[in-house]
Amino acid sequence: MLEKTPVTQTIARRLQDMIRTGELKKGEKIPSQRILSERMKVSRPSLREALLTLETLGLVRTLPARGTFVVDRDAEPEPQSVWRYDDAYSIRDVFQSRMLIEAELSRLAAGHLDAAALGRLEQAAGEFEAAWHDGDLVAHVEADLRFHRAIADASPNKMLRRLYHSVRDLLTESQRQPIPNTARDRMMQSIAEHQEILTALRAGDGPRAEAAMRVHVGNTAICAGVDGESLCRSNRHSG
C-alpha cells in the first residue's frame, strides 16, 4: 500500500478548513468530485483520497447512491467509525500487530535517540496536543504519525524499521479511525501516554518505553472498538 502523499494531506486540510468555516455546511451534501476538484484545482484521485481521510476522521460521510455529506454532530451525536481495509485485515489484526511491532521498536529505540531526535519527538507531542485543542483533526493525526514514526526510525533494527514502513498505510488508518469515538478525557489520557513514552525514551529505559507503548496502543484500540483485554491476552500468548 502506498503512503499518503503530502498533496493529499494538503487537500484534506483545505477541506477541513472549508467545513470549519462553514463554506461546506454541516449536514449538507458537498459538490461532486468533478466540480470540487475543478474548484480546488486538484486531481480527482487526490481529492478522493482526501475525502476518505476525512471520512475516517468522522468529518464527512459517503452514502451509496446519494453522495458525500458533511457530518452534523449535533443532529447525529453518535459517531460512526469507518475502517476501509476490512476486506484485507480486520482492525483487531492491525492493532494486535501494532502492539507487537511498536512496543518492540520503542524498547529498541531507547538509548538510541540523540538530542535532535528527542527534540522532534517533543515537538510532535506538543503539536499533537495543540492541534486537538484547536479542533484541527488533520494536523492532530499528522503529529501523531510523526511521533510514532520518529520512534520507529530511531530503532537500530533495520528489518523491523522496514517492516514498520511497509505497513504504514494500515498503521496510519488505525491512528485516524478511533478519532470520532475519542472523548476529551480519553484524549487527555492519550496525550499523557505520549509523554510517558517520551519520558522513558529520554531516560533510555527500554522496558519502560515498551510497557508505555503497549498501554498506549491498547487504549487506542479500545477507542477503535477492539476488546483491549483480548488484545493484551493475544499478545501475551504470542510469545
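**Exercise 1.** How do the axes of helix 9 (residues 184–202) and helix 10 (residues 206–223) cross, and within what distance do they come?

*Solution.* This is a predicted model, in which local features need pLDDT of at least 70 and side-chain atom pairs count only at pLDDT 80 or more, while totals for chains, interfaces and linings use all residues. Residues are numbered from 1 along each chain as its sequence is written, and side-chain values use heavy atoms, with hydrogens and water left out.

Begin with the axes, which are lines fitted to C-alpha atoms, for helices over the stretch in contact, with angles from 0 to 180 degrees between N-to-C directions. The axes of helix 9 and helix 10 come within 8 Å and cross at roughly 160°. Helix 9 is therefore roughly antiparallel to helix 10, a term for angles over 145 degrees.

Next, look at the contact (heavy atoms within 4.5 Å): among its residues are Arg186 and Glu193 of helix 9 and Arg208 and His216 of helix 10.

**Exercise 2.** Which residues lie closest to the centre of the largest cavity?

*Solution.* A cavity is a set of points, on a 1 Å grid over the protein atoms alone, where a 1.4 Å probe fits but cannot get out, and its lining residues have an atom within 4 Å of a point. The search finds 2 cavities of 30 Å³ or more in the whole structure, and the largest holds about 140 Å³ of space. Of the 16 residues that line the largest cavity, Gln175, Ile179, Met187, Ser190 and Thr220 are the closest to its centre. Helix 6 (137–154) gives the most to this lining, namely 4 residues.

How values were computed
Helices (H or I, at least four residues) and strands (E, at least two) are DSSP runs, numbered from the N terminus. Angles under 35 degrees count as roughly parallel, over 145 as roughly antiparallel, 65 to 115 as roughly perpendicular and the rest as oblique. On a 1 Å grid over the protein atoms alone, a cavity is a set of points where a 1.4 Å probe fits but cannot get out, and a pocket is an open set with protein on both sides within 12 Å along at least five of seven lines; lining residues have an atom within 4 Å of a point. Grid points are joined across faces, edges and corners, and a volume is the space filled by probe spheres set on the points.
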